[in-house]
Amino acid sequence: ATGSDHRWIIDPLDGTTNFTHAYPQVGVSIALEKKGEIVLGVVYDPIREEKFKSVKAEGAFLNGDRITTSKVTDLDKALLGTGFAYDRRERADYYLSFWKAFMMRCQGIRRTGSAALDLCYLACGRLDGFWESKLHPWDTAAGSLIIREAGGRLSDFSGNEFSISGEETLASNGLIHEEMLGIIAQAQR
């Protein structure tokens with residue numbers, strides 16, 4: 001409603017390309033923003049029947065069980081997630097420079113096609129870090145709160161405060177964030 005200080009941010013099908021190809025990595029992402037701050041986040045994976053949920057200042061949960069980010073402290077032992085923006089064909093070398101820089105330093109990289117689920121996988125310790133350009137608020141709003149409530153950290157590629165409306169998403173367990181920022185800086189040179 002006009003004039004409300006509440007806004008729902010919903011992606012009814014995160015992983016649309018996956019869905020059209022029957023690739024089983026899709027989710028529903030719902031966030032509630034109050035006066036510019038995300039206060040509720042839910043991401044549901046209907047295939048695995050996993051519901052990630054967080055209410056501000058109340059922790060993060062997977063199917064009712066509390067979750068926390070991983071304890072990996074070294075990028076060499078980290079499993080990272082990423083995705084490619086829709087302009088990937090025009091800017092392939094740019095996006096691949098990040099992939100190459102991280103590939104040389106981490107244990108592995110996954111590209112699943114659902115940013116909302118990737119962020120939740122980071123929150124529960126399945127991934128240790130994540131980066132992607134040009135995501136939208138409906139991709140990151142719920143997951144960003146879930147990560148924060150699970151003990152993780154988000155920023156842009158320069159280490160500035162993360163915004164769901166920003167162009168850059170860098171997320172981590174918090175322990176490898178500075179190392180990831182260094183790799184991003186290296187790739188941008």
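Helix α2 (residues 92–103) packs against helix α5 (residues 177–188) at an angle of about 135°, and the two axes lie 9 Å apart. Welcome to a short tour of this predicted model, in which local features need pLDDT of at least 70, side-chain atom pairs count only at pLDDT 80 or more, and totals for chains, interfaces and linings use all residues. Residues are numbered from 1 along each chain as its sequence is written, and side-chain values use heavy atoms, with hydrogens and water left out.

**Helix α2 against helix α5**

- The angle makes α2 oblique to α5; angles under 35 degrees count as roughly parallel, over 145 as roughly antiparallel, 65 to 115 as roughly perpendicular and the rest as oblique.
- Axes here are lines fitted to C-alpha atoms, for helices over the stretch in contact, and angles run from 0 to 180 degrees between N-to-C directions.
- The crossing of α2 past α5 is right-handed, meaning that the near helix is turned clockwise from the far one by less than a right angle.
- On the α2 side the contact (heavy atoms within 4.5 Å) uses Tyr-94, Ser-97, Phe-98, Ala-101 and Phe-102, and on the α5 side Met-180, Ile-183, Ile-184, Gln-186, Ala-187 and Gln-188.
- Sorted by class, this contact of α2 with α5 has eight nonpolar, three polar and no charged residues.
- For those classes, Ala, Val, Leu, Ile, Met, Phe, Trp, Tyr, Cys and Pro count as nonpolar, Asp, Glu, Lys and Arg as charged, and the others, Gly among them, as polar.
- Arg-189 sits in the segment after α5, and its relative accessibility of 76% makes it exposed.
- Between the C-alpha atoms of Arg-189 and Ser-97 there are 9.5 Å in space, against 92 residues in sequence.

- Helices (H or I, at least four residues) and strands (E, at least two) are DSSP runs, numbered from the N terminus.
- Nine of the nine residues of α3 are buried, so this helix is largely enclosed by the rest of the structure; buried means under 20% relative accessible area, exposed over 50%, and partly exposed in between (1.4 Å probe, protein chains only).
- The axes of α3 and helix α4 (residues 137–149) come within 8 Å and cross at roughly 5°, which makes α3 roughly parallel to α4.
- From α3, Ala-115, Ala-116, Leu-119, Cys-120, Leu-122 and Ala-123 meet Asp-139, Thr-140, Gly-143, Ser-144, Ile-146 and Ile-147 of α4.
- By class, the contact of α3 with α4 has eight nonpolar, three polar and one charged residues.
- After α3 comes Gly-125, with a positive phi near 90°.

**Two side-chain polar contacts**

- A polar contact is a pair of N or O atoms within 3.5 Å; within protein, one must be able to donate a hydrogen and the other to accept it, and residues adjacent in sequence count only if both atoms are side-chain atoms.
- Arg-126 lies in the loop between α3 (115–123) and β9 (129–133), and at 35% relative accessibility this residue counts as partly exposed.
- The side chains of Arg-126 and Glu-50 are joined by a polar contact of 2.7 Å.
- Beyond its neighbours within four places in sequence, Arg-126 also touches residues including Phe-52, Leu-62, Leu-79 and Tyr-121.
- Ser-155 belongs to strand β10 (residues 153–155) and is buried, at 1% relative accessibility.
- The side chain of Ser-155 makes a 2.8 Å polar contact with the side chain of His-177.
- Setting aside neighbours within four places in sequence, Ser-155 has contacts that include Asn-160, Phe-162, Thr-169 and Leu-181.

**Loop residues to check**

- Most residues other than glycine have a negative phi.
- Ala-22 has a positive phi, near 60°; this alanine lies in the loop between α1 (16–20) and β2 (27–34) and is exposed, with a relative accessible area of 67%.
- Ala-57 has a positive phi of about 70°; this alanine is in the loop between β4 (50–55) and β5 (60–62) and is exposed at 69% relative accessible area.
- Arg-111, in the loop between β8 (108–110) and α3, is partly exposed with a relative accessible area of 38%.
- Leaving aside neighbours within four places in sequence, Arg-111 is in contact with Thr-82, Gly-83, Phe-84 and Trp-99.
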